[in-house]
Amino acid sequence: MPKINAPTVAEHRAQQREALIEAAIDILVNEGATAVTPAAVGARAGLARSSVYQYFDSSAALLSTITEEAFRRSNEALARALATADSPLERVEAFFGESLRLGAEGAHRPAAALMDAGLPPACLRRLRELHLEQVEPFRAAVRQLGVPEPALTADLIAGMLHTALSAVEQGAPLDTVTERALALVRRCLTPAGSTGRETGHGSEAG
């Protein structure tokens, strides 16, 4: 029996599974989906291939778990950020700000790598479902603002977020990108002539 590095067997197994997921994500991001195999993941995590099979029986199982895990972690961070926002505009801003922070940490890279990995149709459908679930709080906040064409408006603003994320991932300062992106979001979503008091903000100065 392997040495236990946790108070209980259950915690030890949870730690091993987490180490395998981290190793699989690292391989996916740096080497591509085809490199995510039980043998490679076990070697990266310092575990025998036989140990990997106790948790994941195939490369497909590893990729499926990475898909769910990448979104779970981001969703938890976004939920914490949104929980502090009191108005729809603040929720949009919180979603933008936290998404950019996560982008700076590389949190979006696993999902992006999976999108480009040539996954089976069922996996791609699940990936798209998870993405839609993730952005729904943002889209709901845009709807609550009562802007014209809310679905189109949300799509256009999401395009701004993708551009900002790309800038951050390419090395632009996070604070600068966030400040400018939020200024543009406020300008797009605050009605003309509004003082911003109804959304908890002062007048736009950016």
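View 1. (Nonpolar means Ala, Val, Leu, Ile, Met, Phe, Trp, Tyr, Cys or Pro; charged means Asp, Glu, Lys or Arg; the others, Gly among them, are polar.) The model is predicted: local features need pLDDT of at least 70, side-chain atom pairs count only at pLDDT 80 or more, and totals for chains, interfaces and linings use all residues. Residues are numbered from 1 along each chain as its sequence is written, and side-chain values use heavy atoms, without hydrogens or water.

The space in this second largest pocket is about 150 Å³. (A pocket is an open set of points on a 1 Å grid over the protein atoms alone, where a 1.4 Å probe fits, with protein on both sides within 12 Å along at least five of seven lines; lining residues have an atom within 4 Å of a point. Volume is the space filled by probe spheres set on the points, which are joined across faces, edges and corners.) Its lining is made up of Glu22, Ile25, Glu69, Ala70, Arg73, Ser74, Leu102, Glu105, Gly106, Ala107 and Pro110. Helix 1 (9-31), helix 4 and helix 5 each supply two or more of these residues. Helix 4 gives the most, with four. (Helices are DSSP runs of H or I, at least four residues, numbered from the N terminus.)

**View 2. The largest pocket is lined by 24 residues.** About 530 Å³ of space lies in this pocket. Nearest its centre are His108, His131, Gln134, His162 and Leu165. Two or more lining residues come from each of helix 4 (59-82), helix 5 (88-105), helix 6 (109-115), helix 7 (121-144) and helix 8 (150-169). Helix 7 gives the most, with seven residues. The lining has 15 nonpolar, six polar and three charged residues.

**View 3. Helix 5 packs against helix 9 (residues 174-189).** Their axes lie 10 Å apart, at an angle of about 155 degrees. (Axes are lines fitted to C-alpha atoms over the stretch in contact; angles run from 0 to 180 degrees between N-to-C directions.) Helix 5 is therefore roughly antiparallel to helix 9. (Under 35 degrees is roughly parallel, over 145 roughly antiparallel, 65 to 115 roughly perpendicular and the rest oblique.) The crossing is right-handed. (That is, the near helix is turned clockwise from the far one by less than a right angle.) Helix 5 makes the contact through Leu89, Val92, Glu93, Phe96, Gly97, Leu100, Arg101 and Ala104. Helix 9 uses Leu174, Val177, Thr178, Ala181, Leu182, Val185, Arg186 and Leu189. (Contact means heavy atoms within 4.5 Å.) By class, the contact has eleven nonpolar, two polar and three charged residues.

**View 4. Helix 4 crosses helix 5 at roughly 140 degrees.** Their axes come within 9 Å. Helix 4 is therefore oblique to helix 5. The crossing is right-handed. From helix 4, the contact takes Ser74, Ala77, Leu78, Ala81 and Leu82. From helix 5, it takes Arg91, Ala94, Phe95, Glu98, Ser99, Arg101 and Leu102. Seven residues of this contact are nonpolar, two polar and three charged.

**View 5. Helix 1 packs against helix 2 (residues 38-45).** The angle is about 110 degrees, and the axes are 8 Å apart. The two helices are therefore roughly perpendicular to each other. Helix 1 passes helix 2 in a right-handed crossing. Helix 1 brings Ala19, Leu20, Ala23, Ala24, Asp26, Ile27 and Glu31. They meet Ala40, Val41, Gly42, Arg44 and Ala45 of helix 2. Eight residues of the contact are nonpolar, one is polar and three are charged.
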